[in-house]
Amino acid sequence: MSEPAICCADVTLGYGPHPAVHHLDGDIERGSLTAILGPNGAGKSTLLKAIAGELKPIAGYFDFGARKPSIAYLPQIAEIDRSFPLTVFELLALGLWRKTGLFGGLSQQDRHAIERALNAVGLIGFENRTLDTLSGGQMSRVLFARVMLQDAKIVLLDEPFAAIDTRTVTDLMGLIAQWHAEGRTILAVLHDEALARAHFPSTLLLARETIAWGPTSEVLTEANLRAARRMVEAHDPHAPVCEVA
Amino acid sequence: MLYAHLIAPFIEFDFMRRALVGASVLALSAAPIGVFLMLRRMSLVGDAMAHAILPGAALGYLIAGLSLGAMTLGGLVAGFAVALLAGLIARITRLREDASLAAFYLMSLALGVTLISARGSNIDLLHVLFGSVLALDDQALILIGGVATVTLVTLAIIIRPLVMESIDPVFLRSVSRAGAPAHLAFLALAVLNLVGGFQALGTLLAVGLMMLPAIAARFWAKTLTGMIVVATLIGIVATYAGLLLSYHLGLASGPTIILVAGVLYLLSIVIGTHGGVLLALLPRKHLEA
């Protein structure tokens, strides 16, 4: 068996003294396609942010192997300021940052790559539209196109299907399957158990603590889902200090 | 007749030519800064910065009298200090930038007023506050030209991270570490332009030439490039028309320039092609698909 893509070594994450993710321990296999499910406030987005390097663990660490792989992160749409007057093409061109850097121009090849990405997400003809004229679903497609252009080994998707119609979900699910076939490691925060069952071989069921982690059919059992729902969202003000090293 | 009204003042009077060139170059330099400030919801930051600069300039004045060098240096030091501290605090703590900036500029302003009142006030200080666009000497023109050059070159260097930071800072952090330096460089440019502008228009009115054209441009263009071009043009038109008006009507020139820019802004709200009020009232045709 090959080395895992990401090894979560007893990771605890949070924004204050209360943990948002508590002692997460396990491996994410190279080339795996994992759904992350759990109730609101379970720490799903926090986990992705931490893997992306946005948030430093309170305890534990992520091990990416000898060389840190490239990571593409698809944020929730709300985190993007769409009132800024940028066109779809310009946003995608900035997605090629690792190639162009601060000053590099776009080669003919890069332009073709952008065109291919637009084609793959079904947005040909949207090049010169500004971001504020796009619908939520169209914006999601643009972000998928940007992930495609980043050509990263690890792909993190934070609620990629929030408020999106079924046709778009089908289209974008096709893209994810293609990335999976290309051997990329993919983690997606979802809320749809049926979607996870249908398309994601592995699932991490998170409710601050790991409820279950493994093959989707074994994780998404009635007992596990009930256990996840029992998570208390409010912080316990009298919670003792966690002494687990 | 037209010539006598529209062109002759600039041919006949050296000071009018200098004023036109100085303020136009300032508009060219400050307009893009204003556009970015507006798009990042930092429109009031220019105003706060102007207050932060004031004490530094006043201190320079108290030490060396009405010397461009001393006042520029004082303004730059005070402005940079406030901008950098506010920017850094916003990045390493949970405080938002507007809050930390408000805290620092108020401290800077209070310090300045204390210094000035300790030494007794002076009517010449009005010059610092409101400038004198009709008294631009070679030194002042060179300063403005230098500011514009540094501004445009620096903007060309930092424009990618600056744009990306405005839209999707998380993405920028994932691919580059240029975000924070670009942001701080941008704040420094804002200070630089306000300091460059205080000789011509005064610290407070320099904000006007930075923000009014930029805000008006929002009603005329939908892309970033378009907005910058329109803002620059509005700034230059306001400069030209303001100078002419002040010449013919005997008004104070700096404020007149800003008032004209203000009128152009009001006009833009009404007749602007992107979100203008009038367009929204007209019956609108739509396409079949």
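I began at the end of a helix: just after α12(B), B:Gly250 takes a positive phi of about 65°. I am working with a predicted model, in which local features need pLDDT of at least 70, side-chain atom pairs count only at pLDDT 80 or more, and totals for chains, interfaces and linings use all residues. Residues are numbered from 1 along each chain as its sequence is written, chains are lettered from A and ligands numbered from 1 in the order in which they are written, and side-chain values use heavy atoms, with hydrogens and water left out.

I looked up α12(B) itself, residues 224-249. Its 26 residues reach 37 Å from first C-alpha to last, close to the 38 Å expected at 1.5 Å a residue (the expected span is 1.5 Å times one less than the number of residues). Helices here are DSSP runs of H or I with at least four residues, strands are runs of E with at least two, and both are numbered from the N terminus.

Then I checked pLDDT, the predictor's confidence in each residue, from 0 to 100. Chain B averages 88, and 95% of the residues score at least 70.

**Chain B: α3 against α8**

I turned to α3(B) (residues 14-39) and α8(B) (residues 138-167), whose axes come within 9 Å and cross at roughly 20°. Axes are lines fitted to C-alpha atoms, for helices over the stretch in contact, and angles run from 0 to 180 degrees between N-to-C directions. That angle makes α3(B) roughly parallel to α8(B) (under 35 degrees is roughly parallel, over 145 roughly antiparallel, 65 to 115 roughly perpendicular, the rest oblique). I noted the crossing as left-handed, meaning that the near helix is turned anticlockwise from the far one by less than a right angle, with clockwise being right-handed.

For contact I used heavy atoms within 4.5 Å. Among the residues making it are B:Val25, B:Pro32 and B:Phe36 of α3(B) and B:Ile144, B:Leu152 and B:Val163 of α8(B). The contact divides into 15 nonpolar, 4 polar and 2 charged residues (Ala, Val, Leu, Ile, Met, Phe, Trp, Tyr, Cys and Pro are nonpolar; Asp, Glu, Lys and Arg charged; the others, Gly among them, polar).

**Chain A: α5 and its neighbours**

I found the axes of α2(A) (residues 88-95) and α5(A) (residues 136-150) within 8 Å, crossing at roughly 30°. That makes α2(A) roughly parallel to α5(A), and the crossing is right-handed. A:Leu91 and A:Leu92 are among the α2(A) residues that meet α5(A), where A:Met139 and A:Arg146 are included. By class I have 7 nonpolar, 2 polar and 1 charged.

Next I took α5(A) with α6(A) (residues 166-181): their axes come within 11 Å and cross at roughly 10°. That makes the pair α5(A) and α6(A) roughly parallel. The residues that meet include A:Phe144 in α5(A) and A:Trp179 in α6(A). This contact has 7 nonpolar, 3 polar and 3 charged residues.

**Chain A: positive phi**

Which residue has a phi near 50° without being a glycine? I found A:Asp151, in the loop between α5 and β6 (154-158) of chain A. A:Arg208 is not a glycine either, and has a positive phi of about 70°; I placed A:Arg208 in the loop between β8 (202-207) and β9 (209-215). I flagged such values because most residues other than glycine have a negative phi.
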